[in-house]
Amino acid sequence: MAEKFDVIVVGAGPAGTSCAYTLAKAGVNVLLLERGEYPGSKNVMGGVLYRKMMEDIIPGFYKEAPVERPIVEQRFMLLDEKSAVTFSYKGLEWGEEPYNNFTVLRAKFDQWFAEKAVQQGALLVNETVVTECLVENGKVIGVRTDRPDGDLFADVVVLADGVNSLLAKSLGFHKEFRPDEVALAVMEVLKLDRKIIEDRFSLEQDQGCTFEIFGDATKGILGTAWLYTNKDSLNIGVGAMLSGLIKNKIKPHQLLDYVKKHPIIRPYIQGTEQQEYLAHLIPEGGYRSIPKVVGDGVIVVGDAAQLVNAIHREGSNMAMTSGVLAAEAILEAKAAGDFSASMLDSYRQRLMDSFVGQDMKKYKDATHHFEKYPHYFEKYIPLMNRAASQMFTVDGSSKWEKQKKIWTELGSAKEKWKMARDLMQAWRVMK
Ligand SMILES: Cc1cc2nc3c(=O)[nH]c(=O)nc-3n(C[C@H](O)[C@H](O)[C@H](O)COP(=O)(O)OP(=O)(O)OC[C@H]3O[C@@H](n4cnc5c(N)ncnc54)[C@H](O)[C@@H]3O)c2cc1C
């Protein structure tokens, strides 16, 4: 007879493992299926892991987890061709316990985290692709895998299979995502001596920092580049909306090559050696792209549910929280012996009440607004750079004259009104 579990979780990324860990800890018989050779082997992230959500699952996790560096500085660069307006927050409190966030390498971190779920009693099976959900009378009753005799049964199946979520799509929970709902990102891990990293980025021993880079890094397309410090490597990457890449006929690896050679960025990565090259989609459709997340016997979590806050580059934390909330709803359903969509809907409600739903709602129009009006990146960032250059160049003209020049460069009265209106609209979609 085919095997039956209480819960089958598909995908051992942060969402699936958080769910499996929480369920196993509560004594639930849970199977965690992963297509990769090991959890994390195929997973990609710029690299910032948020402490709070992970610590809610495993208190003090950072004392043993393979984290790279606690981040003490977050720097933002508005990049033009030969200049950058830069601002940052450096907080030494983030370098001390309990810390704020860490850089991680997913291949190491996911593996460690899944092992923790196994220690709680979850059964992890790697190198197993779930090819479809088994459905009977409209209820998901299990999964089909690519293994011989690979049908497995459960009261609830949790789909934590990441951004494409072919499984949720096959259940009719969402359509194929449009190019304006996903970003395509490429990144490299670049080896560099830890002492050089600390000197180059003005860090004390073991401290880390992050650079988020806008504007010229994506040639004005909606997206960002990033540069993060690991223990003895750097993560450098670029992600841009797929729709923008298609429209501008540019490939992400061309953007990454451009960023690596950019005169403002180049000095930070000098002398590095490429260790890894990775590419992945990021779900950035926002609140309006969240698909149906609950059905009879099935729950969708993490990237599969489009839970990414692109404005704050948060995804792993939302994945973890959604995984935990799914587990809590399943525990309630198990106690009631009812795995129907109406019972499991408490997951959706918890999700929407949590910071995940609230933040997704807050920025519901942001991505689409900046996608629709690319001049924020194409025009205003270069303008800010020219204004800064004008203001800070000491050339004998008075500061009044300089302000006048900047004001003239902003264009006609009509263009200035347009700019004021754009700023108001940007404020509105971000507030
Ligand atoms: C380039 C990039 C940079 C990012 N930077 C950050 C960042 O700095 N900070 C942050 O918080 N977030 C970041 N994110 C987002 C973050 O990585 C995701 O939000 C997060 O990984 C989602 O977790 P998940 O578990 O839902 O999905 P994933 O991490 O994608 O995990 C899905 C898992 O399911 C497995 N799987 C898929 N299909 C099947 C199947 N059919 N059968 C079995 N297994 C399957 C996969 O192998 C994988 O292990 C970034 C994303 C990208 C691509």
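This is a predicted model: local features need pLDDT of at least 70, side-chain atom pairs count only at pLDDT 80 or more; totals for chains, interfaces and linings use all residues.

Let me begin with one side chain and its surroundings: if we set aside the neighbours within four places in sequence, His-262 is in contact with Leu-79, Asp-80, Glu-81 and Asp-216. This histidine sits in the loop between helix H7, residues 252–261, and helix H8, residues 266–269. Is His-262 buried or exposed? Its relative accessibility is 2%, and because buried means under 20%, His-262 counts as buried.

Not counting residues up to four places away in sequence, Phe-201 touches Cys-209, Phe-211, Leu-227, Thr-229, Leu-234 and Tyr-268. To give you a sense of distance, the C-alpha atoms of Phe-201 and Asn-43 are separated by 27 Å, and these two residues are 158 residues apart along the chain.

Now let us step back to the whole chain, which is divided into domain 1 (4–66 + 105–176 + 286–353), domain 2 (182–282) and domain 3 (367–430). Notice that domain 1 is written as three stretches of the sequence. How far apart do the C-alpha centres of domain 1 and domain 2 lie? They lie 29 Å apart, and at the interface 11 residues of domain 1 are in contact with 14 residues of domain 2. The size of an interface is often given as the accessible area lost when the parts come together. For domain 1 and domain 2 that buried area is about 1,000 Å², with carbon and sulfur atoms giving 68% of it. There are also four residue pairs in polar contact between these two domains, and the rule finds one salt bridge across their interface. Elsewhere in my notes I have the pair Glu-212 and Arg-313, which form a salt bridge with their closest N and O atoms 2.8 Å apart.

Let us turn to the helices, starting with H1, which has 12 residues and reaches 16 Å from its first C-alpha to its last, close to the 16 Å expected at 1.5 Å a residue. H1 is mostly covered, since 11 of its 12 residues are buried, and among them are Pro-14, Cys-19, Tyr-21 and Leu-23. What covers these buried residues includes strand E1 (4–10), strand E2 (30–33), helix H2, helix H3, strand E10 (151–159) and helix H9. After H1 comes Gly-27, whose phi is positive, near 90°.

Helix H3, residues 106–120, lets us repeat the same check on length: its 15 residues should span 21 Å at 1.5 Å a residue, and its end C-alpha atoms are 21 Å apart, which agrees. The buried residues of H3 include Phe-109, Trp-112, Phe-113 and Ala-117, and the elements covering the buried residues include helix H1, strand E3 (48–50), strand E6 (101–104), strand E7 (123–125) and helix H9 (316–336). H3 is followed by Gly-121, which has a positive phi near 120°.

Within H3, please find Arg-106, which is buried, with a relative accessible area of 11%. Which side chain does the side chain of Arg-106 meet in a polar contact? The partner is the side chain of Asp-110, at 2.8 Å. An α-helix has 3.6 residues a turn, so residues three or four places apart point the same way. Beyond its neighbours within four places, Arg-106 is in contact with several residues, including Gly-13, Pro-14, Asn-43 and Met-45.

I will finish with some details of the backbone. The peptide bond from Glu-97 to Pro-98 is cis, with omega near 10°, and Pro-98 is found in the loop between strand E5 (84–90) and strand E6. Asn-137, in the loop between strand E8 (130–136) and strand E9 (139–145), has a positive phi near 50° although it is not a glycine, and Asn-137 is exposed, with a relative accessible area of 78%. Asp-149, in the loop between E9 and E10, likewise has a positive phi near 50°, and at 81% relative accessibility Asp-149 counts as exposed.

Key:
Residues are numbered from 1 along each chain as its sequence is written. Side-chain values use heavy atoms; hydrogens and water are left out. Helices (H or I, at least four residues) and strands (E, at least two) are DSSP runs, numbered from the N terminus. The expected span of a helix is 1.5 Å times one less than its number of residues. Buried means under 20% relative accessible area, exposed over 50%, partly exposed in between (1.4 Å probe, protein chains only). Contact means heavy atoms within 4.5 Å. Domain bounds come from an automatic or database domain assignment. Buried area is the accessible area (1.4 Å probe) that two parts lose on being put together, summed over both. A salt bridge is a side-chain nitrogen of Lys or Arg within 4 Å of a carboxyl oxygen of Asp or Glu. A polar contact is a pair of N or O atoms within 3.5 Å; within protein, one must be able to donate a hydrogen and the other to accept it, and residues adjacent in sequence count only if both atoms are side-chain atoms.
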